[in-house]
Amino acid sequence: MIACDREIGESLCKDCGLCCDGTLFYDIELASHNEYSVLIQTDVKLVRKRGKRYLILPCSAHCGECKIYLDRPMLCKEFECGLLKKVNSKTINIEEALNITQELKKLRTHIDKTLQMLDIDISVGSVERNFKFLYHNNSSHIDHIKKQHPKLFLDIASFKALRKKHFDTPELK
């Protein structure tokens, strides 16, 4: 990637943050003990699972912009979502990409607000975890929720379709 393209990509990534806020991932596996040593000094949530260390998402270091950008995990540095790949290949321009990220963020905000209104705890983290929580932990109420809030399920379907179309990569499958 040439310098100009790199700056455009960094601009998109810093503005977007969907891979940081739990929209695309549950967690990030840390590549080394050194990454862990650096991150343990921050307020990000770290866990050990099956002998590996993970940063749990949503990342508390991302509040509109990454607070640990220079020290972020290797997977964060190397990851390119489908949208960034489209910008880099000039399939779409940066303005279109920014509009797509804003559309997905608006859908997520609307979905989260509706779930909160239904007294469904969305603090479980990532978007997919929230959807699974909705479907599995509220199975007795799901028909009632569908009748009372049919737009919620249309929004969830729209969210998933937009995410799949523009953001998914083989790493997300």
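Two strands count as paired if DSSP finds at least two bridges between them. The strands themselves are DSSP runs (E, at least two residues), and helices are runs of H or I with at least four residues, both numbered from the N terminus. With that in hand, let's walk through this predicted model, in which local features need pLDDT of at least 70, side-chain atom pairs count only at pLDDT 80 or more, and totals for chains, interfaces and linings use all residues. Residues are numbered from 1 along each chain as its sequence is written, and side-chain values use heavy atoms, with hydrogens and water left out.

The protein has eight helices and three strands, arranged from the N terminus as α-β-α-β-β-α-α-α-α-α-α. Let's start with the strands. Strand β1 (residues 27-29) pairs with strand β3 (residues 52-56) in the antiparallel sense over three bridges, and here Asp27 stands opposite Ile56 in β3. Strand β2 (residues 46-49) also runs antiparallel to β3, joined to it by four bridges; Val47 has Tyr54 of β3 as its bridge partner. β2 and β3 form a hairpin with two residues between them, and Arg50 in the turn has a positive phi of about 50°.

How far can you trust the coordinates? pLDDT is the predictor's confidence in each residue, from 0 to 100. Its mean over the protein is 83, and 83% of the residues reach 70 or more. Where pLDDT is low, the predicted coordinates should not be read in detail.

Now for the interior. Buried means under 20% relative accessible area, exposed over 50%, and partly exposed in between (1.4 Å probe, protein chains only). Of the 173 residues in the protein, 40% are buried. Thr169, in the segment after α8 (150-166), is one of them, because its relative accessibility is 4%. Contact means heavy atoms within 4.5 Å; leaving aside neighbours within four places in sequence, Thr169 is in contact with Phe79, Glu80, Cys81, Gly82 and Lys85.

Cys81 is itself buried, because its relative accessible area is 10%. What about disulfides, meaning pairs of cysteine sulfur atoms within 2.5 Å? The whole structure has zero. The closest cysteine sulfur to that of Cys81 is in Cys16, 5.9 Å away, so the two are too far apart for a bond. For Cys20, the closest is in Cys19 at 4.2 Å, again too far for a bond.

Definitions and conventions:
A disulfide is a pair of cysteine sulfur atoms within 2.5 Å.
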